[in-house]
There are 2 protein chains.
Amino acid sequence: MTRKIVIVGGGAAGSSAASFARKTDRKAEITLIDKHKRIGYSRCGLPFVIGKEIPNYEELTVYGHNFFKMSKIDLRLETTVTEIETKGKFLVAMDKNGTESTIEYDSLILATGAKIFCPPIPGIDIKGVLPLRTIEDGLLIEKRAENSKRVVIIGAGLIGLEIAVALRERGLEVIIVEMLPYILPLVLDKDMAKDVTKELTELGIDIITGAGCDEILGTEEDEVIGVCVDGDTFHTDFVINATGVRADVELARNAGINIGKGIQVNEHMETSIPDIYAVGDCVECKHLITGEYVLSQLGTTATRQGLVAGRNAAGKRDIFPGVLMSSVTKIHGLEIGATGLTKWAADRANIDVVIGKMTGHTKPHYFPGGSKVKVKVLARKDDGRVIGAQIVAREDVGHRVNMVATAIQSHMTVNELAKVDTCYAPPIADTLETICLAAELAAKKL
Amino acid sequence: MTRKIVIVGGGAAGSSAASFARKTDRKAEITLIDKHKRIGYSRCGLPFVIGKEIPNYEELTVYGHNFFKMSKIDLRLETTVTEIETKGKFLVAMDKNGTESTIEYDSLILATGAKIFCPPIPGIDIKGVLPLRTIEDGLLIEKRAENSKRVVIIGAGLIGLEIAVALRERGLEVIIVEMLPYILPLVLDKDMAKDVTKELTELGIDIITGAGCDEILGTEEDEVIGVCVDGDTFHTDFVINATGVRADVELARNAGINIGKGIQVNEHMETSIPDIYAVGDCVECKHLITGEYVLSQLGTTATRQGLVAGRNAAGKRDIFPGVLMSSVTKIHGLEIGATGLTKWAADRANIDVVIGKMTGHTKPHYFPGGSKVKVKVLARKDDGRVIGAQIVAREDVGHRVNMVATAIQSHMTVNELAKVDTCYAPPIADTLETICLAAELAAKKL
């Protein structure tokens, strides 16, 4: 019997699920439904198109129409799933013309993604307050930027900073407003965020931290003219809402699927209802250190969960063990990466930590072109196991993050991490790896 | 009582030992003896000075005279240790004027390094056959290169290839002769060496593999005029002997210290005689996978062993667990790295392996500037533990090697390595890490 696999949502998670389902079962009937017109592109690339590092939005396509055609995946765009009938195992969907149809499934994968969070700020729904989640959003921001002198960005997370740099490089005056006391509060501790603040400031970006946006001011025509922050009023031509997203769980909830912070799934990406999987920004993920459930909302998590659910929906039994929230970005010339817990997050999880901080060099001092690399390694005080790292440098950050993620997932202690036989060559790295030296400093405090 | 620490040899291992002994014991009397005039510089940087990537030899100084002065280390250069009196705990040394002195020690660290290996080739001792181990060697090679059109390099190991590229970039015709069937035979398997061969060939370097150098031909004035390889004769202006080095164990052997492939040490870097440590190219190292003793002769090993012995000689109890032989280099624009065992080495150690090979991208396809990354991951067939990796790409090789080294040292299986929560951002890395994908391919064969 031909297996019917239906996927709702064509972002990174849904497209990945479709792709791996097809790789696993060459004969299955696979249908992918999405309410949008464009799917299968990299959301993470959006700020870099605005910043003109990537020439246009078409480039962002990861799974193009040709892929779906070659893979014989039945693509139903501009189609909204209105209901899941879990007993009869079918969906009700409505296309752009309002025509309703029912679609049967043997395995269903929900990849409904997330919705822009609108913080309760007066004026947040004025026209000139823009999010960045889709290509359409990107086009709107670019159009605004062309006729604007100044932008205020609410939220100093990864996407907020990426947009800030992109718009600054297009010549705008940029003000970032972050309610928490420092930028990138979910990625870095305050001490490690300093260099990033410096980089942004040197670019001419103004940063206001520890202060909420009290109100967004608009004209009678509903056009943004300013924002009020902590008693001060700043004129601005438009506002970017980069305060984050919330899991889109409506369809799942209406179907009676268990919901926590997002859709609840086990390590096979199965929801509480048989034969229904969920992946990506709409699900809650088990944090590998705290065991708590968190919203990852990272492209890596979405892609890997899609891979696992796609295979499992097609008959395999793969697992997604959980997340460390490993992330990295590049802010102008500066790379910033982290994995596991920050000190702040460890405190919240009641984990006592030892910390090793070390500044090294990406290359030996005698080889031209190297630069400083700042590393902070955290370990549990009780057993010395590595639980996190933060890294800031002009190069080679991403794979250092991966090295520490490997150490965390294999339950290494800082003593063991300090003794890893790393490699070296003058054009590539210094003799003693900074990660190992930072781990050793942490180990001394055990 | 003030501790007397004496170190014999001022290369990477000896200088590192002196430095870490001083950091551990601020009051110790530390003496460093070396028969050379120049010490404390990076040998690994030598080919890159010849290739003009590093402007001059002075730059290579890692531990300069000022460091030794500030650290109050008694430096005795151009002084040869002729004897160790292990009962009375003193050395006999002779300075450049032939004056003999005795030097007492509480802790002695031998860092006597290695000697150039001279393969039994007729003509190997002709004047124009040059090694590259010291700055003096580098100067001689540069002088030769200025007046030469062609050079033959015997040995296609890391240093042989680095010199080959350096001299090619200076405009010489370069021929590499390697007795084994492919280049970098101790670092890569044949399949992974192909891209390196292609890079070298495109640079205009001729490579002859699977053929020994039968004879080096000289004039009556003892000047090189050619080499005979497998029946063919090649004219050349000079020859580089890059066939490797042998541990210099003479002093240790004469003192009655146990010798294997090199000086035998335990994980505290202690030799068979109390209070005598040995570090660097002169010692044999335990391979962390096979448990066999090998000559590492890598700068990283030397530096780390120096760190451990320096501390221990000053009263601590640090350990050096062993080596994976992690190495990396850059050949023109191509980075080549490896850790653990190759397939060839696994066969020799009677370890059945599964292999995963994957070609990925260093960045997503839509971000400008990325390039292909080829990864080969090896694991034990019996328990799936990772035992090696080889990586070839134009960027980001070194820290991928470190990630796999971390996995090996923490006894991860390929299944576990495939599931590491790696990070991603368009300017830095692709969503699914190639190391993890290669590990997964290997895991499928278990």
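Author: The domain assignment divides chain A of this predicted model into domain 1 (4-115 + 246-313), domain 2 (129-241) and domain 3 (333-443). Between domain 1 of chain A and domain 2 of chain A, the C-alpha centres are 30 Å apart. Where these two touch, domain 1 of chain A contributes 9 residues and domain 2 of chain A contributes 13 residues. The side belonging to domain 1 of chain A consists of 6 nonpolar, 1 polar and 2 charged residues.

As for the chain as a whole, chain A contains 12 helices and 25 strands. Its C-alpha trace extends over about 65 × 60 × 40 Å along the principal axes. The radius of gyration of chain A is 23 Å, which agrees with the value near 22 Å that a compact globule of 446 residues would have. Of the 446 residues in chain A, 55% are buried. If one takes the contacts in chain A between residues at least 6 apart in sequence, 65% of them join residues at least 24 apart.

Now to the part you asked about. The contact between the chains involves 53 residues from chain A and 53 residues from chain B. On the chain A side, at least two residues each come from helix H8 (299-313), strand E21 (327-331), strand E22 (334-340) and H10. The most is given by H10(A), with 10 residues. Sorted by class, the side of chain A that touches chain B holds 25 nonpolar, 18 polar and 10 charged residues.

H10 also meets its counterpart in the other chain. Two packed helices are described by the angle between their axes and the distance between the axes. Helix H10 (residues 398-409) of chain A packs against helix H10 (residues 398-409) of chain B with the axes 8 Å apart and at an angle of about 5°. Angles under 35 degrees count as roughly parallel, so H10(A) is roughly parallel to H10(B). From H10(A), the residues making this contact are A:His399, A:Arg400, A:Asn402, A:Met403, A:Thr406 and A:Ala407. From H10(B), they are B:His399, B:Arg400, B:Asn402, B:Met403, B:Thr406 and B:Ala407. By class, the contact of the two helices comprises 4 nonpolar, 6 polar and 2 charged residues.

Note on methods
Residues numbered from 1 in each chain as written. Chains lettered and ligands numbered in written order. Predicted model: local features only at pLDDT ≥ 70, side-chain atom pairs only at ≥ 80, totals over all residues. Helix = DSSP H or I, 4+ residues; strand = E, 2+ residues; numbered from the N terminus. Rg over C-alpha atoms; globule rule 2.2 N^0.38 Å. Buried ≥ 20, exposed ≤ 12 C-beta atoms within 10 Å, placed from the backbone. Contact = placed C-beta atoms within 7 Å. Domains from an automatic or database assignment. Nonpolar A, V, L, I, M, F, W, Y, C, P; charged D, E, K, R; others polar. Axes fitted to C-alpha atoms, helices over the stretch in contact; angles between N-to-C directions. Parallel < 35°, antiparallel > 145°, perpendicular 65-115°, else oblique.
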